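Subject: Handing over the structure

Hello,

Here is the structure I promised to pass on to you. Please open it next to this email, and I will walk you through what turned up.

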Amino acid sequence: MPSDAAQLRLRLFGHMAADDTAGRNCLPRTRKTRALLAILAIASPKPVLRQQLAALLWSRRQQEQARGSLRQSVHELQDTLGVAWGHVLITDRHYLSLHGPALQIDALALAQPAVLNAELLDRFQDVLLEDLNGLDPAFDRWLEDERARFQRIGRTIGEALLAKCEQPEAVIDAAEQLLSIDRMHEGAWRAVMRGHADLGDLEAAKACYDRCRGTLADPANRSPSPETEHLIERIRAMPDAGKPTPQINLGSGVADEQVRLVTPRTAPRGSPRRERSALRLRVAPLRTIGAEQDDGLAQGLAEEISAGLSRFRWISCVPGSLWPQPPDSPDTAPGGSLDADLVLDGTIQYGVGRVRIIVRLIDIRADGEIAWAGRFDRPTTDPLSMQDELGAAIVAQVDPELMKHEGRRAARAQPDDMTAQDLLLQALPALYRLEHDSYLDARRLLEASLHADPSSSVTHGWLAYWYLLYVGQGWAADPTQASAEASRLAERAIMLDPSDARALTLAGHVRGFLARHPEEASALHERAIALNPNLAVAWCFSGLSQLYLGQPEEALRRIHQAIRLSPSDPHVFFFDMSLIMPHLMNGDCANAIEAGRRAVELNPMFSSAYKGYLAALGWMHPTREAAGVLHRLLALEPGFSVETAITRSPLRRPEDIARYAEGLRRAGLPERAAPAEPT
């Protein structure tokens, strides 16, 4: 066994390396086994399913062959680690993991840094596992996603460092360092331009704009955003000699420009707003009430929550380990120096065999208003599993609650002072309510948001979803054209950001429901879940794609996972609706009817909920309840008929469509829509 001071060092950035403090090389000989070690290192200390590892590294082999190859790699890894380090590789029948206090993994240190500094940012310039490209298509996709994830972490750190800079020279250096990680970061380009202008070097500012324009055009074929164009116009309007004059307003300073990714309408002169592409949320370490427990749950849970929330594109999350002072110190009070919009804090209280977690979202911008609070009770039988489960449950509920809270804030904003994100958030409640007039207004808000920030994958995804529901509600005068527009927007969302989980799953649902390609939809949903396993709507949409493929049991499992993750989600009416058809296809009409009752009670305007509900009632024999449901359905969609239902249905198996259609017939739905009366 090694001494207490010995360490096993794994370097994953750049060319992979593994050695210990004694100078012994611990890197496996074969590339597949190196990849296995890398996957376990990035997941550490969490276990990884053997089945998942085999699928990542030997995706083109039969399942049994892949398992055999995995066993060989495990043996090679054990031999390479030897007696000195074999104990850090934990193996059992189903899982593998890498765990131990002597492990030093560069990727984990970068994902959860103790301090922020320029030297830390330099390490992100190396490519993650640059010598392991081309091992297997599945591994290549995993590696691409991990590289994108670490680029986002580096970008967040770079933005945080940039936010601290005040002098133009420091701003230019920090922004250039951020551009070395993400050369498409327009906020950083604008910061460099502004820094040179503040120094009076207008030619350098103009040259920076030219570099920005060339970078965006190759290979993305993008043009600079309207905000960047507006800034260069103001710089060009400055006199060539001397420093910027007071008559030329470049804003309130570099700090306001540096992280402004969203392209807002110009704020009124004299009152510029600090705007960001992402909401800044700080996660505080949880406080233990009563007897102290030495199990690290407070810190571990805070890090679990931070890691989970960082997977949501619209949230910029700073973990509790980076807090410069305790969360209840004066500097974190409203008006203090804490650079965040909201804080997530909480308490842990232990009971006999149980633990209670209470978490709160505190809005610093609103004098410490509590935006949301939740309580979570769990048994303490398995601490690690409990931490994973609690972290997932908290993260899944924070995302929709934040969206609701920010939507309410956006609704109170002045129209001339709204950012692209404000416009998006203001539109979302109408997508949940499904009231016709406000739903049409939501499209205008989404289009305005897209006009302000044409590069937003999230807004493209939501607008695609708007068109999907527009067709599903029967409101589209030309369903074919609306479906084509939904598909175009969905494809654009994926192209803009292939690692945006929400955009991927929204695009997947468009492909599954409107384009009738459930296999393609399933692949997109699986990728979304891999990127963000706490995104409840991705589990629901993936369940529907399984339904379309004729797998109702798997559909139910996935949709129930969505409900477990986020039981108070604004989409919960959609989750309940999604349960109806899998139950119906299983012959469980009683549960289909119960799900239908819940769905229409939560949202009586959602026409899709009435359809499967009505079919289930038809199979249970026409009743007064069926007559009422039929009446409400036809009030929402006057032309709906059995023929329409069959035409629109994304179900793949003929027997599933037949069962659905027969239930509608038995409930009294007309076979065809009545011809319109001549005017």
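Let me begin with one term: a cavity here is a set of grid points where a 1.4 Å probe fits but cannot get out. Please also keep in mind that this is a predicted model.

**Cavities**

Searching the whole structure turns up three cavities of 30 Å³ or more. The largest cavity holds about 430 Å³ of space. It is lined by 26 residues, and those closest to its centre are F513, Y548, M577, S608 and P650. Two or more lining residues come from each of α16 (457-472), α18 (501-514), α20 (536-548), α22 (572-585), α24 (607-619) and α26 (642-648). Which of these gives the most to the lining? That is α22, with five residues. Sorted by class, the lining of the largest cavity consists of 17 nonpolar, seven polar and two charged residues.

The second largest cavity has a volume of about 120 Å³. Its lining is made of 17 residues, with D399, R502, L535, V537 and D569 nearest the centre. At least two lining residues each are supplied by α13 (383-412), α18 and α20, and the largest share, four residues, belongs to α13. By class, this lining has eleven nonpolar, three polar and three charged residues.

**Strands**

D367 counts as exposed because its relative accessibility is 68%, and the cut-off for exposed is over 50%.

There is also an open sheet of three strands in the order β3-β5-β4, with antiparallel pairing. Its edge strands are β3 (48-49) and β4 (89-91), each of which pairs on one side only. Three bridges join β4 to β5 (residues 95-98), and the bridge partner of I90 in β5 is S97.

A cis peptide bond joins S44 and P45, with omega at about 5°. As background, most residues other than glycine have a negative phi, and most peptide bonds are trans.

**Helices**

Is helix α14 (residues 420-433) mostly covered or mostly uncovered? It is mostly covered, as eleven of its 14 residues are buried. Among them are D422, L425, A427 and Y432. Just after α14, L434 takes a positive phi of about 60°.

With 13 residues at 1.5 Å a residue, α27 should span 18 Å, and its end C-alpha atoms are 18 Å apart, which agrees. Its buried residues are D656, I657, Y660, A661, G663 and L664. Seen down the axis of α27, these buried residues fall within an arc of 155°, so they line one face of the helix.

**A few single residues**

L630 is found in helix α25 (residues 624-636). It counts as buried because its relative accessibility is 13%, and buried means under 20%. L630 and L669 are 39 residues apart in sequence, and their C-alpha atoms are 7.0 Å apart in space.

A217 belongs to helix α9 (residues 202-217). At 38% relative accessibility, A217 counts as partly exposed. Between A217 and M184 there are 9.8 Å from C-alpha to C-alpha, and the two are 33 residues apart in sequence.

Finally, R516 sits in the loop between α18 and α19 (518-531). R516 has a positive phi of about 60° although it is not a glycine. With a relative accessible area of 33%, R516 is partly exposed.

Technical notes. Residues are numbered from 1 along each chain as its sequence is written. This is a predicted model: local features need pLDDT of at least 70, side-chain atom pairs count only at pLDDT 80 or more; totals for chains, interfaces and linings use all residues. Side-chain values use heavy atoms; hydrogens and water are left out. On a 1 Å grid over the protein atoms alone, a cavity is a set of points where a 1.4 Å probe fits but cannot get out, and a pocket is an open set with protein on both sides within 12 Å along at least five of seven lines; lining residues have an atom within 4 Å of a point. Grid points are joined across faces, edges and corners, and a volume is the space filled by probe spheres set on the points. Ala, Val, Leu, Ile, Met, Phe, Trp, Tyr, Cys and Pro count as nonpolar, Asp, Glu, Lys and Arg as charged, and the others, Gly among them, as polar. The expected span of a helix is 1.5 Å times one less than its number of residues. Buried means under 20% relative accessible area, exposed over 50%, partly exposed in between (1.4 Å probe, protein chains only). The arc is that of the directions from the helix axis to the C-beta atoms. Two strands pair if DSSP finds at least two bridges between them.
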